[in-house]
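Trainee: Could you show me how to read strands and helices in a protein model, one feature at a time?

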Amino acid sequence: MDFDSLDGLQRDPYPLYERVRRTPGLTFVPALDAWLVARDADVRDVLLRPDTFSSAGSLRPDVTPGPAALAVLARGIGNRPTVVTSDGHAHRRLRAPLNSALSAARTAALRRYAAEQAAALVDGFAGDGRTELMAAYARRLPGAVIGRLIGLDPADVPAAVHGSHRAEQLLFRPMPEAEQVAAAEDVVALQHLLDRCVRARRAEPRADLCSTLVAALAPGTGELTPDQRDELVANLQNFLIAGHLTTTALIGTTLLHLLRHPDQWERLCAEPALIPAAVEEAARYDSAVQGFRRTTTRPVTLAGTELPAHATVFVAYGSANRDGTRHARADTFDITRPPGRHVAFGHGAHGCPGSHLARTQLRLTLELFTRRLPGLRLDPGHAVTMRPTLIHRSPEALHLLWEA
């Protein structure tokens, strides 16, 4: 893997997207080792044909950990399909309990808790006149909320959040062997934490996602088998990572683009009724999840390009959301844009089941910040660098100032 080329693409993929959208057919991108699906119509076509475009390799890592790290990972759970990497009946079986746990009613019940946590975090830095948003707020609120939903002990949430970040680093960033081993230790610690939660909920079910998953995926009352525990932990880990890293990224990019357009930030402060539209525009303009891989199950022609069976395509949500045939002035950030159908949260069978919860957290964040910190601005002393990833696109750090 040429990580220099991949880093440049991941930090700013939009110039490539634009070129590929203008090029007939599909374009093979060596840095992605995949055919790039860049146009809105083609992205939707792929996402509505899961039988032809399988999700089995959707989270293929960019890095294969070395032998020492693999030896550590062997002490954790076995590799099992998750809702993101499964198709057909298996996907429906794994997704059903998530849909139940993320119903509108249950999400609404979480809103009060999320609002309390958000206010407490802002209380911690409001008087300082400055903060680094990602560490002080954006990584902490979604972690607390997803931990509450799963049913984790609040004391375990920081370790769970840390382990999630380390799992992403281990599989998508090159690291020296010692750092790989340390990251693998953190991932295994997270898996053991989730395994304890699974076994505790088997013994004493509660009104939380962990209990819902145990009841759905391992019905009965007997002791869980090793295979059942592996499947439950794999899916809880996947849900934990997807459930908070994506929202963390969305909070960071939303505040970044609002403050890069101070006229729109000022208007949002003056007209809070625009907050729902601002949420949708931020998600469209710079999607947290830029896309996923799919693998063809049979020969197929897409956008005029003939693909053999087992070909890999990268389905670029972020590119589709900048496609001018779907969105007028697609490269313009505009919180007054009329509602439109973007694919920031996916489309079809694999559409994000937690999209409502992510939107809820972003809306209450904007309500809170526009009310309490209307003078918010970017710190000119700190340049903003985007993280090199297409999975959870966000600023590495976001330094903010205001009059305390």
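Mentor: We shall look at a sheet, then at a helix, then at another strand. This is a predicted model, in which local features need pLDDT of at least 70 and side-chain atom pairs count only at pLDDT 80 or more, while totals for chains, interfaces and linings use all residues. Residues are numbered from 1 along each chain as its sequence is written, and side-chain values use heavy atoms, with hydrogens and water left out.

Trainee: What is the order of the strands in the open sheet of three strands?

Mentor: Strands (E, at least two residues) and helices (H or I, at least four) are DSSP runs numbered from the N terminus, and two strands pair if DSSP finds at least two bridges between them. Here the order is β4-β10-β9, with antiparallel pairing. Because β4 (130–132) and β9 (377–378) each have a single partner strand, they stand at the edges, and one side of each is left without a neighbour in the sheet. Two bridges join β9 to β10 (residues 399–401), and R377 stands opposite L401 in β10.

Trainee: How many residues of helix α14 are buried?

Mentor: Buried means under 20% relative accessible area, exposed over 50%, and partly exposed in between, with a 1.4 Å probe and protein chains only. In α14 (residues 275–285) eight of the eleven residues are buried, so the helix is largely enclosed by the rest of the structure; among them are I275, E281 and Y285.

Trainee: Which strands pair with β5?

Mentor: Strand β3 (residues 53–54) pairs with β5 in the antiparallel sense over two bridges, with F53 opposite T296, whereas five bridges join β5 to the antiparallel β8 (residues 312–316).
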